[in-house]
Amino acid sequence: MERCYKLHLLVFCLLIRPGKNSEVQSFASNLECRTGLKMEAKRNSTGHWIMTVEAESSVRPGGQPRIQVSSDFASSPNRPGTFLLTSTVVFQRQPPADYELILGEGYYKLHTGGRRWPEAMQVCESEGGHLMVIDTQRESNVIRELFAREPKITNAYNIHWLAVGFHDRYVSKRYETVTGQLLSDKFVNWIAGEPHGENQHCGIINKATEMAIDPCTTLWAFVCESY
Ligand SMILES: *[C@@H]1O[C@H](CO)[C@@H](O)[C@H](O)[C@H]1NC(C)=O
């Protein structure tokens, strides 16, 4: 997952000189997300200064985001005649019901009943999530954590593996995630001998976080993820 729940936005030093164009300096303090920031101050016909701040973040769409905005406006202690505007924008995504925050990484749900990979993908999507995409080594610990709970996996080909969100169903040997990114930019830990095999295009991972590509018709328990 991408750690992009929060977008902090600090806008400093709005310096307005009557009769002239406003002079605006801005700094974006971006703790967890890639952020694009655009700021514009204009005077309208009744003489009010209107400042518009447009922030673009890498928070992904999907689900219903909750957005909180709070602002503070005060004289700058450092520069007399200058005002300081501080805004905080918090994006908080509401996870789907019964998804659980694990290791502070994100919201996950383990489905213990085996499904074919394409069905598993649909189940996750119908819940407002997607098959788990493991971005980092740290996030792979979520897999260890799920197995450590000794889940009762049923109706699966092998209870030591789970279907997760990577595949090469579109272009053979081009491994990508269900979120459309190259697997090579993510956590990759092929088990010895993998990836290997014709007609094997769906991603799975085992309790030691080793990965393999498998026929999409095999039944596996699976993990859904939501931001
Ligand atoms: C200019 O902006 C102020 C503050 O938002 C507003 O009250 C006023 O109606 C605006 N004037 C015009 C002409 O839109």
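Biologist: With 15 C-beta neighbours inside 10 Å, how does Thr 88 count: buried, exposed or partly exposed?

Modeller: Please bear in mind that this is a predicted model. Thr 88 is found in strand S6, residues 83-93. A residue needs 20 or more other C-beta atoms within 10 Å to be buried, and 12 or fewer to be exposed. Thr 88 has 15 C-beta neighbours inside 10 Å, and therefore it counts as partly exposed.

Biologist: What distance separates Thr 88 and Asp 72 in space, C-alpha to C-alpha?

Modeller: In sequence, Thr 88 and Asp 72 are 16 residues apart. From C-alpha to C-alpha in space, the distance between Thr 88 and Asp 72 is 9.0 Å.

Biologist: How many helices and strands does the secondary structure of the protein chain contain?

Modeller: The protein chain has 227 residues, of which 25% are buried. Its secondary structure comes to two helices and 14 strands.

Biologist: Which residues touch the most other members of the largest nonpolar core?

Modeller: In soluble globular proteins, nonpolar side chains tend to be buried together. The largest nonpolar core here has 32 residues. Elements that each supply at least two residues of this core include strand S8 (106-116), helix H1 (117-126), strand S10 (161-167) and strand S14 (219-226). The members that touch the most others are Leu 131, Leu 162, Ala 163, Val 164, Phe 222 and Val 223.

Biologist: Which residue of S14 is the bridge partner of Ala 163?

Modeller: Two bridges join S10 to S14, and these strands run parallel. Leaving aside neighbours within four places in sequence, Ala 163 is in contact with several residues, among them Trp 117, Leu 131 and Phe 222. The bridge partner of Ala 163 in S14 is Phe 222.

Biologist: How many of the eight residues of S14 are buried?

Modeller: S14 also pairs with S9, to which two bridges join it in an antiparallel arrangement. In that pairing, His 130 stands opposite Glu 225 in S14. S14 is mostly covered, and the number of its eight residues that are buried is seven.

Biologist: Why do the buried residues of H1 lie on the same side of the helix?

Modeller: The buried residues in H1 are Trp 117, Ala 120, Met 121 and Cys 124. They lie on the same side of H1 because, around the axis, they cover an arc of only 100°.

Biologist: Is Gly 104 buried or exposed?

Modeller: Gly 104 lies in the loop between S7 and S8. The C-alpha atoms of Gly 104 and Val 142 are separated by 9.6 Å, although these residues are 38 apart along the chain. Gly 104 has 7 C-beta neighbours inside 10 Å, so it counts as exposed.

Biologist: What is the phi of Asp 98?

Modeller: Asp 98 lies in the loop between S6 and S7. With 8 other C-beta atoms within 10 Å, Asp 98 is exposed. Asp 98 is a residue other than glycine, yet its phi is positive, near 60°.

Biologist: Which peptide bond is cis, with omega near -5°?

Modeller: The bond involves Pro 195, which is found in the loop between strand S11 (176-177) and S12. The cis peptide bond runs from Glu 194 to Pro 195.

Biologist: Which residues surround the ligand?

Modeller: The shell around the ligand divides into one nonpolar residue, four polar residues and no charged residues. The surrounding residues are Asn 44, Ser 45, Thr 46, His 48 and Ile 50.

How values were computed: Residues numbered from 1 in each chain as written. Predicted model: local features only at pLDDT ≥ 70, side-chain atom pairs only at ≥ 80, totals over all residues. Core = buried A, V, L, I, M, F, W, Y, C linked by C-beta atoms within 7 Å. Helix = DSSP H or I, 4+ residues; strand = E, 2+ residues; numbered from the N terminus. Contact = placed C-beta atoms within 7 Å. Near = placed C-beta within 6 Å. Nonpolar A, V, L, I, M, F, W, Y, C, P; charged D, E, K, R; others polar. Arc of directions from axis to C-beta. Pairing = 2+ DSSP bridges.
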